[in-house]
Amino acid sequence: MLWQLKKETQAKSIIRYIMEHVADEILLRIFSYLDTKDVITCCMVSKRFRRVTEDSAIYKNFNVDHNSCLSSGAYLNHLRKHHSRVEKLVFQDFFWLPSTKLAPTFARCKNLVELNVTGCKITSAGLLKILANNPGIKKLGWTISENVFSDEGHLENFKSAFKNLSSLILHFKTLRTFEIFLPVFDSKDLFVNEFGLHYLKSSSSNTYGIYVKTQDKFQLHLEDAAVTNRFLHFNLLIMDFVIQTVSKAAETKSITTLLARGNTICWRHIEPVLTTYTFEKIDLSLSVLAKDQMTWLSKLKKLEYVNVSQVGHFKSNLMKAIATNCPKLSALNLSNCEDWINKDLYGLEAVAQKCTNLRELNVSNLHIHSGDDQLNRLCSIIGEMKNLKKLSIPACSLVNNISIKQSPEKAGKKSMSSSPSWKGETFKPSSLLVSLDSSNPSFTASPSTSASNPATTPEKTHPTTRLSRQLNDDETLVSAIGSGLDPIVKGCCGLEELEIVDVGFHSPFNRVVCDQFICPLTSNLRDRNFQEICKLKNLKKLTLAGLSGVGAFNSLVDITSACTKLESLSIAQCGLAGHSNALMHLKNALKNCKSLKHFRMDQPHFHIKEDLLEAFHGCYHLQTVTFINKNGKANKSLSSFVNLFNNCKFLVGFFLFSGITQTDCQRLQSTLMKKFGSSRPPLSVGILPYHMALKDDGISEKNVPYLFTRDIIYFESSIAVEKANGLLV
């Protein structure tokens with residue numbers, strides 16, 4: 001012990017010596033690569049660090065968001081101190097700060113070129129004052145306040161201030177708010193090369209969202225002409241404006257980015273887009289593509305991001321053409337494109353071979369199964385994508401579906417060419433068939449293997465339960481080498497985000513309505529099949545949903561122990577709902593999550609006990625916790641929840657929707673807000689009975705900020721979903 005203490009003392013002395021003798025110029029160069037929040041943190045380390053940063057221009061780009069351990073006061077104090085040096089100010093999603101506190105601080109800046117305050121409460125009067133003090137602003141992002149034109153002169157002031165802009169990002173909370181704001185675009189003097197529009201209505205899947213970016217400027221102007229045959233659920237005036245904007249951007253023939261869901265624009269009215277071939281990022285999700293649009297897509301050669309989720313008639317040959325023409329492709333979203341990918345996978349094979357820079361892949365909600373006598377081909381293809389960082393995959397595709405009806409004699413005649421080349425091993429036909437859960441103490445061999453060797457049949461020595469009977473009686477057979485996770489983990493060892501979701505999984509807190517059924521093959525995945533995740537040492541975000549066959553999910557303890565960088569964990573409907581053993585080891589798994597920041601669980605009939613809340617006490621960086629437990633009970637003791645907040649100093653979001661009464665919900669919520677609301681300004685606590693949370697006015701902006709509703713409560717994939725300058729469409 002003395003030797004170890006001496007070694008640590010020597011290491012600290014060496015570090016102190018290096019930091020004291022490093023020149024200020026070198027320190028300044030190091031600080032220039034850090035984010036604003038990291039620079040501010042370094043200022044608190046020593047007087048020398050503070051002196052070096054104060055005499056520099058590293059605050060030229062002041063970029064912060066709410067997701068930080070530093071308080072908003074620390075950011076505002078540094079901004080007031082260095083306001084004369086700031087040229088780019090990005091201050092997003094500080095929803096709890098009033099405009100009277102933000103606007104005067106931002107107005108101190110005189111040299112701003114870019115301003116992004118989306119998600120902040122900046123009134124129109126406050127924004128106009130900022131724009132007046134910074135006439136050089138070229139890029140603006142703003143959440144439109146509800147009384148946008150409280151003063152009669154604001155309309156003309158906005159028209160005048162917007163003339164100098166080259167980029168405009170707008171969020172609005174109600175349709176009426178944007179209708180009132182639309183007259184700003186009556187002016188014919190507004191030309192930009194970047195425009196974004198997003199309607200912040202969290203409870204609807206039919207959201208308005210558009211983002212377009214071009215190399216040359218295009219006009220933002222609402223003409224009188226109306227578009228016919230529009231979708232009835234759209235506001236007609238805004239629909240006209242969106243279509244006209246995209247059409248005018250297409251006339252420049254220099255569009256680089258177009259993010260527009262199919263329920264936002266109508267392709268029949270934006271034909272000029274089909275003559276543009278400069279696209280780098282494109283989102284066509286929910287669109288209905290005709291032959292002309294598909295031919296146009298096959299000719300694009302600069303694509304880096306493609307989202308064609310829920311696009312009908314998207315064929316494999318078109319995917320192959322895109323992969324061949326666009327070797328720089330880095331993100332691909334193919335979720336719900338099942339009409340082509342079930343037949344063959346040569347389109348995705350082309351992506352694996354040609355697009356070596358692919359970082360994100362989303363193939364969720366697809367029924368992609370292996371053949372009756374071969375291993376899963378999809379997982380082998382994904383395993384060849386060596387640089388993949390983010391992956392969303394359907395759970396049923398991980399099952400290596402070896403046919404149980406095949407006799408051993410027939411299996412012996414089969415060629416072993418279907419064995420996976422990634423493993424580099426050869427297996428005997430008889431070893432390819434094993435029980436689903438041979439690791440279970442009460443394991444029973446399958447009928448085919450026990451018949452050939454009766455002596456090997458073990459005796460049942462343990463009492464059976466509903467869970468063990470399901471494991472013992474299940475005659476489905478899988479490959480002896482494991483599940484489809486094996487080739488994925490072996491080939492994509494650098495994965496940072498992984499989502500495994502059953503195709504039929506549906507959460508009531510979900511903007512996307514699922515019209516598929518639970519795939520029976522998913523129940524074949526057992527607890528031991530997920531042990532391979534332990535090898536993903538860089539994993540930061542893990543989502544597991546709709547896995548009914550995992551039982552108590554013992555492997556979750558090993559996963560959290562091995563993946564020490566895990567920051568986000570989401571579990572939904574895993575194991576047998578309502579069974580006493582379902583997720584019984586979750587509390588032990590949480591004790592290993594020292595870096596955990598976000599936790600979400602959607603588990604019907606699950607009871608939240610005191611020992612589970614105590615398991616979070618070691619998660620010192622925890623920021624948000626969400627429990628969605630239909631008919632589940634929660635500990636009524638207020639002290640257990642208060643202790644959770646006392647131990648997790650950065651916890652600012654707590655949401656509980658369970659079977660407890662409304663009186664208990666109100667009592668718990670008021671206690672937490674009264675005790676911690678003043679010390680944690682961004683704190684949001686939403687506690688409601690499950691049936692009330694599902695109502696239209698259950699989760700509203702009044703009790704839960706849109707930011708938490710969008711990113712925490714609603715269950716939807718974030719992989720290969722492009723976010724542009726704070727705009728999620």
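**Figure 1. Strand β7 pairs with strand β8 through five bridges, and the two run antiparallel.** Strand β8 covers residues 255-260. Helices (H or I, at least four residues) and strands (E, at least two) are DSSP runs, numbered from the N terminus. Two strands count as paired if DSSP finds at least two bridges between them. Opposite Thr257 in β8 stands Lys213. Strand β7 (residues 209-219) also pairs with strand β6 (residues 191-199), in the antiparallel sense and over seven bridges. Phe191 has Gln219 of β7 as its bridge partner. In a regular strand the side chains alternate between the two faces of the sheet.

This is a predicted model, in which local features need pLDDT of at least 70 and side-chain atom pairs count only at pLDDT 80 or more, while totals for chains, interfaces and linings use all residues. Residues are numbered from 1 along each chain as its sequence is written, and side-chain values use heavy atoms, with hydrogens and water left out.

**Figure 2. The largest nonpolar core has 200 residues.** A nonpolar core is a set of buried Ala, Val, Leu, Ile, Met, Phe, Trp, Tyr and Cys residues joined through side-chain atoms within 4.5 Å. Buried means under 20% relative accessible area, exposed over 50%, and partly exposed in between (1.4 Å probe, protein chains only). The residues with the most contacts inside this core are Phe91, Phe178, Phe185, Phe195, Ile500, Phe627 and Phe654. Helix α10 (residues 236-251) gives the largest share of the core, eight residues. The core lies between domain 1 (13-58) and domain 2 (483-714), because both give residues to it. The domain bounds come from an automatic or database domain assignment. Contact means heavy atoms within 4.5 Å.

**Figure 3. The largest cavity holds about 70 Å³ of space.** A search of the whole structure finds five cavities of 30 Å³ or more. On a 1 Å grid over the protein atoms alone, a cavity is a set of points where a 1.4 Å probe fits but cannot get out, and lining residues have an atom within 4 Å of a point. Grid points are joined across faces, edges and corners, and a volume is the space filled by probe spheres set on the points. The lining of the largest cavity is made by Ala634, Asn635, Lys636, Leu638, Phe641, Ile660, Asp664, Arg667 and Leu668. Helices α23 (638-647) and α24 (662-676) each supply at least two of the lining residues, and the largest share, three residues, comes from α24.

**Figure 4. Helix α6 (residues 99-107) has buried residues, including Leu102 and Phe106.** Ser99, Ala103, Thr105 and Ala107 of α6 are buried too. The buried residues of α6 pack against α5 (72-81), β2 (88-92) and α7. Ser124 is found in α7 (residues 124-133) and is buried, with a relative accessible area of 1%. Leaving aside neighbours within four places in sequence, Ser124 is in contact with Trp142, Ser145, Asn147, Val148, Ser150, His154 and Phe158.

**Figure 5. Ser555 is buried, with a relative accessible area of 0%.** Ser555 belongs to helix α20 (residues 555-562). Apart from neighbours within four places in sequence, Ser555 is in contact with Asp527, Phe530 and Gln531. Ser555 and Gln531 are 24 residues apart in sequence and 5.9 Å apart in space, C-alpha to C-alpha.

Key. On a 1 Å grid over the protein atoms alone, a cavity is a set of points where a 1.4 Å probe fits but cannot get out, and a pocket is an open set with protein on both sides within 12 Å along at least five of seven lines; lining residues have an atom within 4 Å of a point.
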